[in-house]
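Subject: Structure handover

Hi,

Here is the structure I promised to pass on. Please open it alongside this message.

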Amino acid sequence: MTSRQASLAEAAAVAANSLLGSKLRSFLTLLGIILATTTLIAVMSVIHGMDKYIAENVSNMGVDGFRIVRMAFIGNFDPKKFLELQRKNPELSLEEFDFLKANATLIREFGMSASRSNISIAYGNEEVKEAFLQGVSANMGVISNVQPAQGRFLTDTEDRRRMPVAFIGADLKEKFFPNADPIGKTIQVAGRPFEVIGVAKALGSVFGQSRDNFVMIPAQTYLKMWGARRGLSFAALAMDRNRLFAAQDEVRMLLRAYRHVRPGADDNFAIISSDSLVEAWDRLTGAIAATAMAVVSVFMVVGGVVIMNIMLAVVTERTHEIGIRKSVGARRQDILNQFLVESSMLAASGGLIGVLIAWMVTLIVNVATPVPMSMPITAVVVGVTLSAVVGLFFGVYPAHKASKLDPIEALRVER
């Protein structure tokens, strides 16, 4: 071990003894650092958890999929814009679906769906009054990556023949058939009999709202029951990820041509993809992160100033000790190292406490609320490192003051 390493090791040992010797003062000194680190890691955990959640659960379009809808709001909702789009954007139609399917060359799957909320689903004496009903083309299972846990998905033949068959979500299976095989059983969908042909794998929930309380029936069966005038949307898969934007542009051009939209005029429909959802989420999290950093900066500065004041008081308390150390050969660098290490260890300890509190907050939030939080290791590293840097920065002046003390004058100070 070199003399420099020995000096730093000794400084760390002295700093640790000092911190442990006055636990209450150290804790009170660190409140600002603790709050800053807890806030920083909690925000990073929320953003990281939501990033994973959106990637795994919210967007079922995949990296090469997109949707064509009447109108969409991604980000801030503007009531005036919504009313304008309601007036300007016509409903999508079956004729448009057939036209796009026949003319688009950069897509490998093209499907459609229509939906209704709060539909009554019944079996025997059991009833679910607020289920989500979708009428879908047979390829929507592939497009939306819906996986059957039992049975199978809908087929083209069932769609063409408008057959009364149903593919149900996991919630309905648990409600109606907790200990039985649902395949082949007949349920009532809005008062009409449908044969269950498959059960979807559980999808979980989004912000506490279940995604498994649904029934899918053939699109043509749905249109026969409720008509095709409202609520149609289209879904597509590009030939591959690299041609996603080209496929979107092609569909946009075809639909604008079909609707005779003038050059330069805005689209009277909307196209959304996973990229657009991620981009909107990135904008939102960027704003959240900026606000959090402002709060964290205030806490860190306050905590740093408190550390500086405490370290100045420590220098005054140890003036006699500093004189003794210098008189027996301690260099200015040794004194400087001691106080810099002590202030850094003090702040880093606050960072570690903040990490522990943030971790407990993450556990509580995940158990008690639908908000997904996941603490990334980078947040821990950033939190502790930033705390130590703040302690180092605000400890420079007290350490410099201690290192400049004259040993003779310091020895004259009474202990």
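Below are my notes on what I found. Keep in mind that this is a predicted model.

**Strand β1**

Start with β1. How many of the five residues of β1 are buried? Five of the five are, so the strand is largely enclosed by the rest of the structure. Both of its faces are covered. Gly-65, Arg-67 and Val-69 lie on one side. Phe-66 and Ile-68 lie on the other.

β1 has two strand partners to look at. One is β11, residues 233-238, which pairs with β1 in the antiparallel sense over four bridges. There, Gly-65 has Leu-237 as its bridge partner. Another is β12, residues 270-273, again antiparallel and over four bridges. In that pairing, Arg-67 is bridged to Ile-272.

**Arg-70**

Next, go to the loop between β1 (65-69) and α4 (79-88), where you will find Arg-70. Is Arg-70 buried or exposed? Its relative accessibility is 17%, and the cut-off for buried is under 20%, so Arg-70 counts as buried.

What does the side chain of Arg-70 reach at 2.7 Å? The backbone oxygen of Asn-89. The Arg-70 side chain also makes a polar contact of 3.3 Å with the side chain of Glu-91. Beyond its neighbours within four places in sequence, Arg-70 is in contact with several residues, including Leu-85, Gln-86, Pro-90 and Leu-92. Asn-268, Phe-269 and Ala-270 are also among its contacts.

**Nonpolar cores**

The largest nonpolar core has 42 residues.

Take Ile-168 as one example. Leaving aside neighbours within four places in sequence, Ile-168 is in contact with Ile-187 and Val-215, among others. Its contacts also include Lys-173, Phe-177, Val-196 and Phe-214.

A second, separate core has 23 residues. Among them are Leu-40, Met-311, Leu-346 and Ala-402.

**Helix α12**

Last stop: α12, residues 319-327. Which of its residues are buried? Thr-319, His-320, Ile-322, Gly-323, Arg-325 and Lys-326. Gly-329 follows the helix, and its phi is positive, near 115 degrees.

Best wishes

Definitions and conventions. Residues are numbered from 1 along each chain as its sequence is written. This is a predicted model: local features need pLDDT of at least 70, side-chain atom pairs count only at pLDDT 80 or more; totals for chains, interfaces and linings use all residues. Side-chain values use heavy atoms; hydrogens and water are left out. Buried means under 20% relative accessible area, exposed over 50%, partly exposed in between (1.4 Å probe, protein chains only). A polar contact is a pair of N or O atoms within 3.5 Å; within protein, one must be able to donate a hydrogen and the other to accept it, and residues adjacent in sequence count only if both atoms are side-chain atoms. Contact means heavy atoms within 4.5 Å. Two strands pair if DSSP finds at least two bridges between them. A nonpolar core is a set of buried Ala, Val, Leu, Ile, Met, Phe, Trp, Tyr and Cys residues joined through side-chain atoms within 4.5 Å.
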